[in-house]
Amino acid sequence: DGSSLPYKLLMFGFGFFILITISSYVANLAAFLTRSVPDYVASVEGAINAGLKICGHPALAEELQFKWPDANFVFSKSG
């Protein structure tokens with residue numbers, strides 16, 4: 001029966017949950033769409049000049065650091 005108090009409380013709680021969920025999604029979407037995006041980097045030299053971190057595979061660490069010794073490389077142990 002749709003007129004009982006437990007049913008009304010359940011629907012109120014579910015409606016409140018949906019309201020909070022949608023509000024959180026819209027707030028996160030707005031924050032994501034209004035963030036400042038750094039300029040496009042077209043090369044490793046551009047990333048080095050901008051002072052950005054460069055992700056690299058640990059197997060290539062020696063070669064990358066030899067070729068670009070001034071770069072700020074980050075090598076993940078998990079690959």
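Confidence in this predicted chain is lowest in helix α2 (residues 44-50), at a mean of 90, and highest in α1, at 96. Here pLDDT is the predictor's confidence in each residue, from 0 to 100. The chain has a mean pLDDT of 90, and 96% of its residues reach 70 or more. The model is predicted, so local features need pLDDT of at least 70 and side-chain atom pairs count only at pLDDT 80 or more, while totals for chains, interfaces and linings use all residues. Residues are numbered from 1 along each chain as its sequence is written, and side-chain values use heavy atoms, without hydrogens and water.

- Y25 lies in helix α1 (residues 5-34); helices are DSSP runs of H or I with at least four residues, and strands are E runs of at least two, numbered from the N terminus.
- Y25 is exposed because its relative accessible area is 55% (buried is under 20%, exposed over 50%, partly exposed in between, with a 1.4 Å probe and protein chains only).
- A nonpolar surface patch of about 1,200 Å² includes Y25, along with Y7, F14 and L33 among others.

**Strand β1**
- C55 belongs to strand β1 (residues 53-56).
- With a relative accessible area of 70%, C55 is exposed.
- C55 and N72 are 17 residues apart in sequence, and their C-alpha atoms are 8.7 Å apart in space.

**Aromatic pair**
- The count comes to one aromatic pair, where ring centres must lie within 6.5 Å, and planes under 30 degrees apart count as stacked, over 60 as edge-to-face and the rest as tilted.
- The rings of F73 and F75 have centres 5.6 Å apart and planes at 25°, so the pair is stacked.
- Both F73 and F75 are buried.

Notes: Patches are made of residues with over 30% relative accessible area and no salt bridge: like charges are joined within 9 Å, nonpolar side chains (Val, Leu, Ile, Met, Phe, Trp, Tyr) within 5 Å. Accessible areas come from the Shrake-Rupley method with a 1.4 Å probe; for residues, only the protein chains shown count as cover. A salt bridge is a side-chain nitrogen of Lys or Arg within 4 Å of a carboxyl oxygen of Asp or Glu. Rings of Phe, Tyr and Trp (its six-membered ring) pair if their centres lie within 6.5 Å; planes under 30 degrees apart count as stacked, over 60 as edge-to-face and the rest as tilted.
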